[in-house]
Amino acid sequence: MAVIDVVNLSKAFGTNVVLSNVNLQVEEGESLVVLGGSGSGKTVMLRNIMGLLTPDSGHVAVEGKIIAQLSREELFTVRKSIGMCFQMAALFDSMTVFENVAFGLRRHHKMTEAKVQARVEECLSMVGLKDTDKLKPAELSGGMKRRVGFARAIALKPKILLFDEPTTGLDPVMTDVIGRIILDLKHELGITSITITHDLKSAFEIADRIAMLFRGECIACEAPSDFKVNPHPVIQQFLRGDADGPFLQDPPPPKRKAQEAHA
Amino acid sequence: MVLTVIDKVGAGVLRATDTFGDFAVLAGRAFAAIFKRPFDGKNLLNQFQSVGVNSIPVVVLTSLAVSMVFAVQLAFGFRQFQAEGLASQVEGLAVMRELAPVITGLMLSGRIGSAMAAELGTMQVTEQIDALECLATDPIHYLFVPRLLASMLVVPLLTVVSVYIGFWGGYLILVGVEGQSAYVYGNEFYKLLAFRDLRIAIYKAFVFGIIIALVGCWKGYRTQGGAEGVGQAPTSSVVTSSLWILIADFFLTKLLLV
């Protein structure tokens, strides 16, 4: 049985159909990377998995439990087994780094303060952020915020991790650092994960399978080696990073030759 | 033309019903969450600090100013009838029954209600409330309950402070400026008052506290649209809670004075 089962998932906001009959299964210990253009419904899919949004039709099941049918208490029990890393980290800005990472532990575990401290230090060192525990989120760089977000997500030892564009807006070096951390977490903790990213380099490093969403539909979900040679024109255009092709709804501006552009 | 008007009126009624229903559901969830665990004492103490202790200066200053102005008006008014002695009695009645709870309520809706709306609004647009949900924490329990409890307890306490300051505001004008006897003022201030009046003032303040916290949290929780939404939430919170405080004041006065 798949750990995460997305079945015929559809979601629209008014007349804007964001997801249309999406089907995806993620097996235990598997790392699925979801690619797709901006507005293709990737984040909406993650929010449906977390129960932050309710599907218009279809459903999401986590470990066999249909998310939309759970009571609030049951939903919270499922959420304790999922760690969510937000695009902009979503750290609690009134708290220090330590308090952010310790939040879930203090809420849900009757741990002594010494054990909380030890676990927080362990999580922070896993993301390479020792000695930052007293800082406030406002004092951190973008990359550090994401990493604190990772530490907060893994503090409760979840079985599933969801990463929502963890490298967007970061420089290439920091993008590589984040990619390595996700890879380390995957190997050290062996958890099931879904990662949404635009960064193809880290996507191919992290993924056991790669799925691609295009205009609300899932057009591919396969091993990275198969994905690379998938003949679908949208996938090939996305991999080339070329503006010309069927990917964009509106035609891009005409391409000028380099000399012409500099003239 | 007629159909368009009916259409607009219908849409307005539906929108108002929807808004009121949403508020009622969130308020119900907040009251139900008061008795849920875990009990977050530290968060509650922080709210007592920001709602209560930090509000003392503003309540003291406004209560002093309003009671002094009111004493000036009373002294002038009663002088027309050579009945200056009544000014301190009416001052006592007005401060205890109306000025203290209403001024405290209105000032706190501006100070703490708006702060709650801004804080929760910022948390909403920066996905911090979603992060709470993802950490299996009910935002109503974590965010609404401490603010509601602090407000329910602190607004009545600050109303008592406001009554005390109101006494001295009247004293400064009627004794210090108008030359009434301090002994007479001290007796006359309480002459028309009974313990019931203090009880009414505290009941009113209790209800105002609930209005301030629930409206502030609700407006913040329902913030949409980034910086613009965060900017509108406090304004909307102050206007709505002030209006509800004045409406509630009328009905509570009618109900409790019977």
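## Loop residues with positive phi

In chain B of this predicted model, Gln82(B) is placed in the loop that lies between α3 (56-79) and α4 (86-125). Although Gln82(B) is not a glycine, its phi is positive, at about 50 degrees. Gln82(B) counts as exposed, because 7 other C-beta atoms lie within 10 Å, and the limit for that class is 12 or fewer.

Glu165(A) belongs to the loop between β7 (160-164) and α6 (172-189) of chain A. Glu165(A) has 21 C-beta neighbours inside 10 Å and is therefore classed as buried, the threshold being 20 or more.

## Helix packing in chain B

Helix α9 of chain B comprises 31 residues, 226-256, which at 1.5 Å a residue should span 45 Å; the end C-alpha atoms are 43 Å apart, in agreement with that expectation. The buried residues of α9(B) are Val230(B), Ala233(B), Pro234(B), Ser236(B), Ser237(B), Val238(B), Ser241(B) and Ile245(B), and they pack against α4 and α8 (195-221) of chain B.

Helix α8(B) also packs with α1 (residues 2-33) of chain B, at an angle of about 115 degrees and with the axes 11 Å apart; the crossing of α1(B) and α8(B) is right-handed. On the α1(B) side the contact is made by Phe23(B), Leu26(B), Ala27(B) and Ala30(B), and on the α8(B) side by Leu214(B), Trp218(B) and Tyr221(B). By class, this contact of α1(B) with α8(B) has seven nonpolar residues, with no polar and no charged ones.

## The mixed sheet of chain A

In chain A, six strands form an open sheet of mixed pairing, in the order β6-β7-β8-β3-β9-β10. The edge strands, each pairing on one side only, are β6 (82-85) and β10 (217-222) of chain A, and neighbouring strands of the sheet are turned by 15 degrees against each other on average, direction ignored.

Within the sheet, β3 (residues 31-36) and β9 (residues 209-214) of chain A pair in the parallel sense over five bridges, and Gly36(A) stands opposite Leu213(A) in β9(A). Helix α5 (residues 142-154) of chain A lies across β6 and β7 of chain A and runs at about 170 degrees to β6(A).

## Contact between the chains

The contact takes 15 residues from chain A and twelve residues from chain B. On the side of chain B that touches chain A, the residues divide into five nonpolar, three polar and four charged.

How values were computed. Residues are numbered from 1 along each chain as its sequence is written. Chains are lettered from A and ligands numbered from 1 in the order in which they are written. This is a predicted model: local features need pLDDT of at least 70, side-chain atom pairs count only at pLDDT 80 or more; totals for chains, interfaces and linings use all residues. Helices (H or I, at least four residues) and strands (E, at least two) are DSSP runs, numbered from the N terminus. Two residues are in contact if their C-beta atoms, placed from the backbone, lie within 7 Å. Ala, Val, Leu, Ile, Met, Phe, Trp, Tyr, Cys and Pro count as nonpolar, Asp, Glu, Lys and Arg as charged, and the others, Gly among them, as polar. The expected span of a helix is 1.5 Å times one less than its number of residues. Axes are lines fitted to C-alpha atoms, for helices over the stretch in contact, and angles run from 0 to 180 degrees between N-to-C directions. A crossing is left-handed if the near helix is turned anticlockwise from the far one by less than a right angle, and right-handed if clockwise. Two strands pair if DSSP finds at least two bridges between them.
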